[in-house]
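Good morning, and thank you for coming. I would like to take you through one model this morning, and I ask you to keep the display in view as I speak.

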Amino acid sequence: MKIKLSYQLLAILLLAGIITGALVLFKPNEKKGTTPSAAPSEVSSTVQNQEIKEIQVIARQWQFEPSEIRVKRGERVRLRIKSVDVTHGFALPAYNINVVLTPGKEETVEFVADKSGEFEFACSVQCGAGHAGMRGKIIIE
Ligand code: CUA
């Protein structure tokens, strides 16, 4: 009797599991149920976006504009960098960043400014006579 009961219990549990699984699987399709589950992550990403410090940087022979960037420690920094003439590079070794800047194509780099200090960035692609002097610094305070 006890064995029979536990089998029945097991069967009920299995059935319940299958129904629950089916409900979970079909819910999103039935009434676009993705909205309730997606909403919290959307909110949190909005919050994250507000915290991002976005800075546009122009690269040209042979300078970056701005060449001095100031951010606060702990900020999430997004640099949108574009070359307006030839191919340059943007290297920020302190944050392991190095991207090639194809003329006219904006590149985005992102990092959390978790170290305070002054960090040099420089052009990392040979771009002509002034290449070696094409540099700037990020000041994190
Ligand atoms: Cu710009 Cu090298």
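First, the conventions. This is a predicted model, in which local features need pLDDT of at least 70, side-chain atom pairs count only at pLDDT 80 or more, and totals for chains, interfaces and linings use all residues. Residues are numbered from 1 along each chain as its sequence is written, and side-chain values use heavy atoms, with hydrogens and water left out.

The protein holds two helices and nine strands; these are DSSP runs, with helices being H or I of at least four residues and strands being E of at least two, numbered from the N terminus. Along the sequence the pattern reads α-α-β-β-β-β-β-β-β-β-β. Of the 141 residues, 26% are buried, where buried means under 20% relative accessible area, exposed means over 50%, and partly exposed lies in between, with a 1.4 Å probe and protein chains only. The accessible surface is about 9500 Å², and carbon and sulfur atoms contribute 58% of that surface; the areas come from the Shrake-Rupley method with a 1.4 Å probe, and for residues only the protein chains shown count as cover. Among contacts with a separation of 6 or more, 61% involve residues 24 or more positions apart, a contact being heavy atoms within 4.5 Å.

Four strands form an open sheet with mixed pairing, in the order 2-1-4-7; two strands pair if DSSP finds at least two bridges between them. Strand 2 (63-65) and strand 7 (107-112) are the edge strands, and each has a single partner, so one side of each lacks a neighbour in the sheet. From one strand to the next, the twist averages 25°, taken between axes that are lines fitted to C-alpha atoms, with angles from 0 to 180 degrees between N-to-C directions. Strand 1 (residues 52-60) and strand 2 run antiparallel and are joined by three bridges. Within that pair, alanine 59 stands opposite phenylalanine 64 in strand 2.

Is serine 83 buried or exposed? Serine 83, in strand 4 (residues 76-83), is buried, because its relative accessibility is 0%.

Next, the backbone geometry. Most residues other than glycine have a negative phi, and most peptide bonds are trans. Here, glutamine 61 and tryptophan 62 are joined by a cis peptide bond with omega about -10°, and tryptophan 62 sits in the loop between strand 1 and strand 2. A cis peptide bond also joins glutamate 65 to proline 66, with omega about 0°; proline 66 lies in the loop between strand 2 and strand 3 (68-71).

Asparagine 96 is not a glycine, yet has a positive phi of about 55°. This asparagine 96 lies in the loop between strand 5 (88-92) and strand 6 (97-101), and counts as exposed at 76% relative accessibility.

Finally, the cysteines. Cysteine 123 is buried, with a relative accessible area of 7%, and cysteine 127 counts as buried at 7% relative accessibility. The structure holds zero disulfides, a disulfide being a pair of cysteine sulfur atoms within 2.5 Å.
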